[in-house]
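Subject: Structure for your review

Dear colleague,

Please find below the structure that I am handing over to you.

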Amino acid sequence: MDARTIEGAVAPGKGRQPLTLEGEPRRVDILHKVGIKSSSLDDVYKALTTIEGLSGWWTDNTQGESKVGGVIQFRFGAGGIDMKVLELHPAKRVLWQVVDGPEEWIGTKVSWELKQEGDWTIVLFKHQGWKEPVEFMHHCSTKWGVFLLSLKSLLETGKGAPAPNDIKLDSWE
């Protein structure tokens with residue numbers, strides 16, 4: 001447990017989910033790190049902040065306004081996710097908040113931290129604020145990994161594998 005969690009306290013009706021000092025259930029996050037060889041911070045930033053870039057690695061059905069306060073719509077078959085752009089710091093950080101999509105995603109945030117290490121651009125990805133680690137979170141964590149590798153491929157080879165051409169994991173897709 002971290003310093004902000006009350007030892008032994010659990011949320012009512014939530015099993016053994018720890019509480020924070022404020023009495024709220026502790027949230028859980030999906031975390032990934034990927035290095036992109038011989039790519040500039042600017043190129044990675046553009047792939048995360050332009051409709052063309054996002055369509056090249058996440059889903060080819062992407063539209064909306066990729067500016068602070070704008071909403072980007074990502075569609076996957078019959079479903080989709082709408083992300084409000086909260087922060088854009090060129091070549092450093094991108095932050096979105098889920099405003100529509102799967103119930104488990106609503107209110108969560110997705111952040112991208114970028115840094116250069118020699119010939120590598122490092123992407124530190126976080127999908128934060130999940131209420132609990134349900135089976136759907138396991139699926140989404142793996143899918144984020146699939147799409148981060150698609151981002152890597154797009155920037156290293158010029159060709160990503162966005163939905164619907166991504167790797168399918170299970171019967172949910």
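Predicted model: local features only at pLDDT ≥ 70, side-chain atom pairs only at ≥ 80, totals over all residues.

Residues are numbered from 1 along each chain as its sequence is written, and side-chain values use heavy atoms, with hydrogens and water left out.

Overall build

The protein chain contains three helices and nine strands; helices (H or I, at least four residues) and strands (E, at least two) are DSSP runs, numbered from the N terminus. Read from the N terminus, the order of these elements is β-β-β-α-α-β-β-β-β-β-β-α.

Of the 173 residues in the protein chain, 39% are buried. Here, buried means under 20% relative accessible area, exposed means over 50%, and partly exposed lies in between (1.4 Å probe, protein chains only). The accessible surface of the protein chain is about 9,200 Å², and carbon and sulfur atoms account for 52% of this surface. Such areas come from the Shrake-Rupley method with a 1.4 Å probe; for residues, only the protein chains shown count as cover.

A contact means heavy atoms within 4.5 Å. Among contacts in the protein chain between residues at least 6 apart in sequence, 43% join residues at least 24 apart.

Salt bridges

Side chains of opposite charge can pair when their charged atoms come close. A salt bridge is counted when a side-chain nitrogen of Lys or Arg is within 4 Å of a carboxyl oxygen of Asp or Glu. The count by this rule is ten salt bridges.

One of them joins Lys67 to Glu65, with the closest N and O atoms 3.3 Å apart. Lys67 is partly exposed at 46% relative accessibility, and Glu65 is partly exposed at 43%.

Another pairs Lys115 with Glu117, where the closest N and O atoms are 3.4 Å apart. Lys115 is partly exposed at 37%, as is Glu117 at 38%.

Glu173 and Lys143 also meet through their side chains in a salt bridge (2.7 Å, N to O). Glu173 lies in the segment after helix H3 (135–157) and Lys143 lies in helix H3, so this pair ties together parts that are 30 residues apart in sequence. Lys143 is buried, at 7% relative accessible area, whereas Glu173 is partly exposed at 40%. Both residues belong to a network of salt bridges that links Lys143, Asp166, Lys168 and Glu173.

Yours sincerely
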